[in-house]
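This briefing covers model confidence, helix packing and salt bridges. The sequence and structure come first.

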Amino acid sequence: MTDRHPLTPPTPLTLAEVEALARAAHEGQTDKAGRPYAEHLAAVAEGVRARGGSDAQQAAAWLHDSIEDDALTPAWLESAGLPQSVKEMVLALTKRPGEPVEEYTARILATPGALLVKEADLAHNADPARLAVLDAPTRERLSVKYLYVRSLLGLKAP
């Protein structure tokens with residue numbers, strides 16, 4: 001039995017709890033190179049931290065692909081004990097099926113804090129060491145894609 005009323009907001013999650021939750025949600029998933037997906041999440045969160053990002057931006061980094069990859073649901077995000085700003089960044093960073101990249105990037109630019117998370121995401125995705133293990137056509141396709149997204153976001157090429 002709990003003392004909490006059903007309408008009481010959930011207890012806010014700490015950054016460590018968000019990390020653990022994201023790692024568990026993506027358990028068994030791998031990136032395009034076959035590496036555990038949590039490595040990408042950790043790299044993006046660290047990239048956000050290194051760029052001076054807030055705890056909220058770091059939390060969004062841990063969760064940035066969770067809905068897009070079906071690791072967590074939009075309903076979970078809505079009810080999670082997270083600041084509204086984190087929820088908004090995660091939703092902004094979630095690419096929707098069939099969505100033009102121009103609409104996706106406009107949403108990121110319109111959402112406070114989301115651009116820094118996407119910048120760290122793109123930096124890790126375009127890391128030459130990560131791309132080097134992919135076949136040449138995939139590497140070229142992704143490199144062109146990442147450069148285009150950076151240009152839409154007003155970010156300089158790495």
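The model is predicted: local features need pLDDT of at least 70, side-chain atom pairs count only at pLDDT 80 or more, and totals for chains, interfaces and linings use all residues. Residues are numbered from 1 along each chain as its sequence is written, and side-chain values use heavy atoms, with hydrogens and water left out.

**Confidence**

- Average pLDDT (the predictor's confidence in each residue, from 0 to 100) is 93 for the chain, and 94% of the residues score at least 70.
- Residues 1–5 stay under 50 in pLDDT, and the model has three contacts (heavy atoms within 4.5 Å) for them beyond four places in sequence.
- Where pLDDT is low, the predicted coordinates should not be read in detail.

- Axes are lines fitted to C-alpha atoms, for helices over the stretch in contact, with angles from 0 to 180 degrees between N-to-C directions.
- The axes of helix 5 (residues 84–93) and helix 6 (residues 101–110) lie 8 Å apart, at an angle of about 160°, which makes the two helices roughly antiparallel.
- Their crossing is left-handed (the near helix is turned anticlockwise from the far one by less than a right angle; clockwise is right-handed).
- Helix 5 contributes Leu 91, Ala 92 and Leu 93 to the contact, and helix 6 contributes Tyr 104, Arg 107 and Ile 108.
- By class, these residues are five nonpolar, no polar and one charged (Ala, Val, Leu, Ile, Met, Phe, Trp, Tyr, Cys and Pro count as nonpolar, Asp, Glu, Lys and Arg as charged, and the others, Gly among them, as polar).

**Helix 7 and its partners**

- Helix 6 and helix 7 (residues 114–125) have axes that come within 7 Å and cross at roughly 125°, and the pair is therefore oblique.
- Tyr 104, Ile 108 and Leu 109 of helix 6 meet Ala 114, Leu 115 and Lys 118 of helix 7.
- The axes of helix 5 and helix 7 come within 9 Å and cross at roughly 50°, so these helices are oblique.
- The crossing of helix 5 with helix 7 is right-handed.
- Met 89, Ala 92 and Leu 93 of helix 5 meet Ala 114, Val 117 and Lys 118 of helix 7.

**Salt bridges**

- There are seven salt bridges (a side-chain nitrogen of Lys or Arg within 4 Å of a carboxyl oxygen of Asp or Glu).
- One of them joins Arg 130 to Asp 31, with the closest N and O atoms 2.8 Å apart.
- Arg 130 is in helix 8 (residues 128–132) and Asp 31 in the loop between helix 1 (15–25) and helix 2 (37–50), so the pair links distant parts of the chain, 99 residues apart.

Notes: Helices (H or I, at least four residues) and strands (E, at least two) are DSSP runs, numbered from the N terminus. Angles under 35 degrees count as roughly parallel, over 145 as roughly antiparallel, 65 to 115 as roughly perpendicular and the rest as oblique.
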